[in-house]
Amino acid sequence: MERTADSKTSLRIAIQKSGRLTDKTIELLKGIGLRFDDYKRNLMVKCRNFDVELLLIRDDDIPEYVQDGVCDLGFVGANVRAETGADVRVLRGLDYGVCRLSLAARKDGAIQTLEDFEGKTIATSYPNLTQQFLDKHNIGANLVTISGAVEIAPRLEVADAICDLVSTGNTLKANGLQELEVILESETQLIQTNKELSPGKKKLIEKFLIRMDSHQQAERSRYIMMNAPKSSVPEIKEIIPSLNSPTVMPLADEEMVAVHTVIPIDQFWVVMERLKKEGATGIVILPIESMIL
Ligand SMILES: Nc1ncnc2c1ncn2[C@@H]1O[C@H](COP(=O)(O)OP(=O)(O)OP(=O)(O)O)[C@@H](O)[C@H]1O
Ligand SMILES: O=P(O)(O)OC[C@H]1O[C@H](OP(=O)(O)OP(=O)(O)O)[C@H](O)[C@@H]1O
Ligand SMILES: [Mg+2]
């Protein structure tokens, strides 16, 4: 990621210009130390401190740009990557843009099970994934491809059912629809071109991934500090699923010690109750900027 002697070696990364993935992707890139100017008004932005340039495009175009080697890497939903069928390598799954692609139909309508889709009309922006799913289950249905506001199609009598993205389920509910079959679980993915890359680019990708992994690991972890009775240390060591053994330091009160460690955030609240039972007090939780393992 540092500037290289060969000034032509620069990674080109495709990201969504404006949409649900944009802010989170920009936040992630800034979080791993990339600095760039106003990305909102430009289609191509050069990073000031790394050999990276960002290409800001519609998400539908990202998999093919990466497949063709126009971009080396891309951040895109698994839903879009799978729909395009692009020949790319998935490097990482990321925990944003989490949603699912589902078949849905009117809440109290004629379609209640998968078999009921036989002979019906389904509106979708994902004709390939929908057709693949129907074929797999030997269901013959007619697809109507529309690019947005899919949930309104049954009310307009354009279709009997839909296949669209669902997250909270609010949009389905607002349109009197119920989710019947999940056909794909999706999240944002970092994809890489399968085209041969120069050694310089390979090195840059390696460095990019180390930063991403450290950032992700840090985001999922917290540094915790507490005071505890010396006699509880063996129990505390068992409770804390730390990456390394916790740091235990003496305090002025010889019966007490300070314990510092790193734990995954999703285990923290469970662990905290148990720590308090062991006599831990003054528990402080701090965010971590980055973690190199
Ligand atoms: N409700 C949701 N919750 C979480 N993630 C979602 C949701 N809806 C979509 N996504 C994810 O975010 C991606 C981008 O969604 P968005 O609605 O911004 O796409 P778009 O309108 O097709 O944008 P573009 O103009 O770039 O083509 C989707 O492909 C999907 O991976
Ligand atoms: O289950 P929910 O939480 O209601 O989310 C689902 C909705 O989110 C997406 O649309 P988005 O809001 O991105 O608008 P768009 O149709 O303009 O892409 C998707 O196409 C659904 O319509
Ligand atoms: Mg799109």
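Biologist: Which strand gives the largest share of the shell around ligand 2?
Modeller: This is a predicted model. The residues around ligand 2 include Arg 20, Gly 148, Glu 151, Asp 164, Leu 165 and Val 166. Strand 8 and helix 5 (170–174) each supply at least two residues of that shell. The largest share, 3 residues, comes from strand 8.

Biologist: How many residues of the shell around ligand 2 are nonpolar, polar and charged?
Modeller: Ser 167, Thr 168, Gly 169, Asn 170 and Thr 171 are among the residues around the ligand. Gly counts as polar here. The shell divides into 2 nonpolar, 6 polar and 3 charged.

Biologist: Which residue stands opposite Ala 105 in strand 8?
Modeller: Strand 8 covers residues 161–166. Strand 5 pairs with strand 8 in the antiparallel sense, over 6 bridges. Opposite Ala 105 stands Ala 161.

Biologist: What is the bridge partner of Arg 100 in strand 9?
Modeller: Strand 5 (residues 88–106) and strand 9 (residues 177–193) run antiparallel. They are joined by 14 bridges. In strand 9, Arg 100 has as its bridge partner Glu 185.

Biologist: Which helix gives the most to the side of domain 1 that touches domain 2?
Modeller: The domain assignment gives domain 1 as 11–97 + 187–219 and domain 2 as 99–186. Their centres, taken over C-alpha atoms, are separated by 30 Å. In the contact, 8 residues of domain 1 meet 8 residues of domain 2. With 4 residues, the most on the domain 1 side comes from helix 3 (residues 78–84).

Biologist: How do the residues of that side of domain 1 divide?
Modeller: This is the side that touches domain 2. Its residues divide into 2 nonpolar, 4 polar and 2 charged.

How values were computed. Residues are numbered from 1 along each chain as its sequence is written. Chains are lettered from A and ligands numbered from 1 in the order in which they are written. This is a predicted model: local features need pLDDT of at least 70, side-chain atom pairs count only at pLDDT 80 or more; totals for chains, interfaces and linings use all residues. Two strands pair if DSSP finds at least two bridges between them. A residue is near a molecule or strand if its C-beta atom, placed from the backbone, lies within 6 Å of it. Domain bounds come from an automatic or database domain assignment. Two residues are in contact if their C-beta atoms, placed from the backbone, lie within 7 Å.
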